[in-house]
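Me: I'd like to go through this model with you and ask where some of its labels come from. Could you take me from each value to its conclusion?

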Amino acid sequence: MWTTTSQLSAVLDLSGRPIDLFDQGRGQVTVLIFIRSDCPISNRYAPEVQRVADRFATQGVRFWLVYVDPDENPQAVERHLAEYGYSLPAARDTEHQLVALTGARVTPEAAVYNSVGSMVYCGRIDNRYEGFNRRRSAPTKRDLEDALEAVLAGRDPEVKRRRAVGCYIADLK
Amino acid sequence: MSTRPKFLRIAVVLLLSLGCERGPDSGPANVTFSRDVAPILFQNCSPCHRPGESGPFNLLSYADAKKRARQIADVTADRYMPPWKPAPGYGEFLGERRLTDAQIQLLRRWADLSAPEGNPANLPPMPIWNEGWHLGEPDLVVEMPRPYSLQAGDGDIFRNFVIPLPLSERRYVRALELRPGNPRVVHHAVIMLDRDGVARRQDARDSEPGFDGMELGEVQRPGGHFLGWAPGTMPYAVPDSLAWDLEPGNDLVLQLHLLPSGKPELVQARVGFFFSDTPPTRSPVLLRLGRKDIDIPAGKSDYVIEDSYTLPVDVDVLSVYPHAHYLGSAVEAYASLPNGDREWLIRIDDWDFNWQNYYRYAKPVSLPRGTTLHMRYTYDNSRANERNPNHPPQRVRYGTQSRDEMGDFIVQVLPRTSAGGELIRRDFARKWLRQEIDGYETLLKTDPDNADHHHILGIFYMARSVSAKAVWHLREALRLRSDFPEAHLNMATALLSSRQPRKAEQHLRRALELRPEYGDAHLNLGMLLGRMNRTDEALDHLDTAARLLTKLAGEISALTANVRQQRSSRRPP
């Protein structure tokens, strides 16, 4: 897995340099959260993403926010991070290389990689949204947390993919 | 020879399957933004999806739309956008926002073709929108005294804000316009009028602006009108003849449904009033059909309530306001005319509390006397209803909190004559009272220790002159909660009608111990003491009442004059 991911030349940090998210967290569980700054659903998830990241930080899980809109420059990303109270590292997936690698379809969507670099889950954060128009007041299933609990316990999550609801990444091509 | 037809057949199959992937055949094969999509968006989406309005992103340019091409196709196919709940053909309303099936297919086709721009020369002109107030410069603008800070948390918030109105004389309102201040987090608004300072007292309970909750209790809809705001709805001015009055001392109560955006937000709404110079000549009546005996078993997916009312006079229906909470799944209402015809008033097949609204008919619906109004609501209390606030599902009864259910169908009617107005008000009040009593009796069966329910039933039995039952329920209310000033006040009234003035006096004094500035209690005690010929004490309480109840100033000064006369006539010459 390591060799594949280090080929991602168009995944950039906020100073514009290519960055290997997986190399940084070698041996650790890594979570990618695909977002964009103008998607109301991924924005509404900001407090939840930060909460889950905080909960698992002490267990060595590294979270990355992956901005998928190539039009969002580093300044726009910085501004978005500050506005939404994120204290997580961010990268820009300017050519959707991480999108292709994970198969993520929408923002927000989470991909979980285990400590040997295999993707064990990709999909919704929780079941708050069943559709644009079908929203629960509170989730009854927290898929990302369940997946992280499983992978930290050395198990595979119960499902590898769960359809997420949000803004289509393919619309940004 | 034998192979050629086979090839041909294969070629035909391929063509057909390509056709299927492109969706049903309608509209031009080559769909472009500039020529085909922009006219639909500019007309139906851009009014809200532009800076300063409620849409969470802009849809003004090719770049805006291209970034959401599939999303646009999906949300329009779902008819989630543009937001418009009533089913077509079941009532014709003002401000209807509905795309045609052909428009929806065209948007899908455009997304499937990877959102081509086409020739920008074909773009229609961008509509020109009225910035600021839609109805022009208001006669009076009020604002929430302080901004409310909405936290980034994830739940829906229902918050009520009290805005005092700076009026020195009575004014007549023909229109009201809400500017939500931060439209991207205000999901909808209900606007009420508080003529008694009830909401002000609730607001004072904590230091934050406003107070939480979904139901506003004694706060009213002014003069038979619905006032509210939802994304995309245009403010509406009634004819001067139907204006409603505002009195000095009235407060406006804004109930805002706020949906956090993910970051902290400030909300400070403004309201503009448009006045009429002349008093109204007619006033609409709100008929509230519905049930209070709602009791939905856990897991039931098709619980139904029904109610009906037969009109005693000819009316024109101006608008309707359906109301249910998160379990509501379908709303149907229609009128059965005396000749047997059915006229639909509204049908909503996918009720969504978050998009509740009032609906004004494009043309008033004329209904003759003898017409029966029917409402039928369906509720889904199963696990399959994502909006179900209980997980797992719980038994749910009538109540005003978001986890309870309601089933109201409020019909705004304009009686043809003023005599007709009086008649329908009286007639409907009887029906309403009967229904309220049945509903609260049902609620008490499962919740016998609810002091509020006993209190309300006591008031209703008084209204029906059943004093023994009134006294019994008020006594229960006070047994369950002895520090209940309103129940003491009403108990005094009930005791007076069963001729027990001494006991009534004790209850009024207790009410005043609990709330020294209770204007109604001072007034009632003043009147009672006057009747008992204790004129000096009576005048003290009437003075205090006059100070606290400014809107009753005329009535109180007449009472005061009477007591003064009574006092002087008893004095020796």
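Reply: Gladly! One definition to begin with: pLDDT is the predictor's confidence in each residue, from 0 to 100. This is a predicted model, and the mean pLDDT of chain B is 89, with 93% of its residues at 70 or more. For the model as a whole, the scores are ipTM 0.92 and pTM 0.84.

Me: Over which residues of chain B does pLDDT stay under 50?

Reply: That is residues 1–26 of chain B, and the model gives this stretch ten contacts beyond four places in sequence.

Me: What makes Ser46(B) count as buried?

Reply: The cut-off is 20 or more other C-beta atoms within 10 Å. Ser46(B) has 22 of them, therefore it is called buried. Ser46(B) sits in the loop between α2 (33–44) and α3 (62–66) of chain B.

Me: Which residues is Ser46(B) in contact with, leaving aside its neighbours within four places in sequence?

Reply: They are Leu41(B), Leu59(B), Leu60(B) and Pro127(B). Contact here asks for C-beta atoms within 7 Å. As for Trp129(B), 83 residues along the chain from Ser46(B), the C-alpha atoms of the two are 9.8 Å apart.

Me: Now chain A. How do you know that strand β3 of chain A is mostly covered?

Reply: By counting its buried residues: β3(A) spans residues 61–67, and six of its seven residues are buried.

Me: What makes β3(A) and strand β4 of chain A a pair?

Reply: Pairing takes at least two bridges between two strands. β3(A) and β4(A) (residues 90–93) have three bridges and run parallel, so they qualify. Strand β2 (residues 29–35) of chain A also pairs with β3(A), in the parallel sense, over seven bridges. Val66(A) of β3(A) is the bridge partner of Phe34(A), and in β4(A) the bridge partner of Val66(A) is Ala91(A). From β3(A) the chain crosses through helix α5 (residues 74–83) of chain A to β4(A), a right-handed β-α-β crossover.

Me: How many residues of chain B are in contact with chain A?

Reply: On chain B there are 23, touching 26 residues of chain A. The chain B side divides into eight nonpolar, six polar and nine charged residues.

Me: And which domains is chain B divided into?

Reply: Domain 1 covers 20–122, domain 2 covers 140–276, domain 3 covers 285–435 and domain 4 covers 445–570. Taken over C-alpha atoms, the centres of domain 3 and domain 4 of chain B are 35 Å apart.

Key
Residues are numbered from 1 along each chain as its sequence is written. Chains are lettered from A and ligands numbered from 1 in the order in which they are written. This is a predicted model: local features need pLDDT of at least 70, side-chain atom pairs count only at pLDDT 80 or more; totals for chains, interfaces and linings use all residues. Domain bounds come from an automatic or database domain assignment. Two residues are in contact if their C-beta atoms, placed from the backbone, lie within 7 Å. Ala, Val, Leu, Ile, Met, Phe, Trp, Tyr, Cys and Pro count as nonpolar, Asp, Glu, Lys and Arg as charged, and the others, Gly among them, as polar. A residue is buried if 20 or more other C-beta atoms lie within 10 Å of its own, exposed if 12 or fewer, and partly exposed in between; C-beta atoms are placed from the backbone. Helices (H or I, at least four residues) and strands (E, at least two) are DSSP runs, numbered from the N terminus. A crossover is right-handed if, with the strands pointing away from the viewer, the path from the first strand over the helix to the second runs clockwise.
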